[in-house]
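Thanks for coming. Please look at the screen while I go through a few residues, and keep your questions for the end.

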Amino acid sequence: MTSDDPALATRALLRQLDLVWLFTEQHVLPRIDEAAVHWEPSPNCVGVRRADGRLVADWPDETADVLPEPTIAWLLWHIEWWWTNTVAVCTGGTAVGPDAYDWSGSTDRIRTVHTEWVALLETADIEKTIIGLMPEPTPLWEVAGWVNFELAKNVSEISQTLTRKANTSS
């Protein structure tokens, strides 16, 4: 994606993120309530459980023939975990494993890390190589594209689960 105008690439990534975030803020986060967060759409689920005063996520067996469905709590935890790791690594910190990341228990952390991520993208060199987040050293513009995709995927899954719950409860 090397461009003669990195600001143009940054603007495109931020606009893409803005579209996903608009959907998130207007159509997904307001629909989340306590009853929906831990609702299990099937007996084969991954969720977030309280253990020793922590909110910890189940980690699915990704080699299973049938993958478990995530609860909304798990999807919120997942967004928090990878986005927090992404901001940390892109600002010189280190990533933490899924078993070391406790869920905040609400949507507030997602809003906070979104603000941190936007601020980072607005000022960062998008050609900077990021090490320790992806399997290989990756330019920031590629990491940003992945973040946009991952956020869109996760909030779509949340929206679908909310719709499924509403249709099941009717």
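Start with Glu80, which sits in helix H3. Keep in mind that this is a predicted model.

What Glu80 does have is a polar contact: its side chain and that of Ser104 are joined at 2.5 Å. If we leave out neighbours within four places in sequence, Glu80 is in contact with Tyr101, Asp102, Trp103, Ser104, Ser106, Arg109 and Ile110.

Trp103 is in the loop between H3 and H4. Is Trp103 buried or exposed? Its relative accessibility is 6%, and because buried means under 20%, Trp103 is buried. Again leaving out residues up to four places away in sequence, Trp103 touches Val37, His38, Val48, Leu55, Ala73, Leu76, Trp77 and Glu80. For a sense of distance, Trp103 and Asn44 are 59 residues apart in sequence, and their C-alpha atoms are 21 Å apart in space.

Next, the core. The largest nonpolar core has 44 residues. Which residues have the most contacts inside it? They are Ile32, Trp83, Trp117, Leu151 and Ile158. Two or more residues each come from helix H1 (6-28), helix H2 (34-37), strand E3 (54-57), helix H3 (72-90), helix H4 (108-123) and helix H5 (140-169). H3 gives the largest share, 13 residues. As a general point, nonpolar side chains in soluble globular proteins tend to be buried together.

Take Leu151 as an example. Setting aside its neighbours within four places in sequence, Leu151 is in contact with Leu17, Val20, Trp21, Ile79, Trp82 and Trp83.

Now the strands. E2, residues 48-51, and E3 run antiparallel and are joined by four bridges. Ala51 stands opposite Arg54 in E3, and Arg50 has Leu55 as its bridge partner there. The hairpin of E2 and E3 has two residues between the strands.

Asp52 lies in that loop between E2 and E3. Its phi is positive, about 55°, although Asp52 is not a glycine. Is Asp52 buried or exposed? Its relative accessible area is 81%, and the cut-off for exposed is over 50%, so Asp52 is exposed.

Last, a proline. Where is Pro41? Pro41 lies in the loop between H2 and strand E1 (45-46). With a relative accessible area of 11%, Pro41 is buried. Pro41 touches Glu69, Pro70 and Arg164, not counting residues up to four places away in sequence. Pro41 and Pro68 are 27 residues apart in sequence, with 9.9 Å between their C-alpha atoms.

Terms used. Residues numbered from 1 in each chain as written. Predicted model: local features only at pLDDT ≥ 70, side-chain atom pairs only at ≥ 80, totals over all residues. Heavy atoms only, no water. Core = buried A, V, L, I, M, F, W, Y, C linked by side-chain atoms within 4.5 Å. Buried < 20%, exposed > 50% of the residue type's maximum accessible area, 1.4 Å probe, protein only. Contact = heavy atoms within 4.5 Å. Polar contact = N/O pair within 3.5 Å; in protein donor to acceptor, adjacent residues only side chain to side chain. Pairing = 2+ DSSP bridges.
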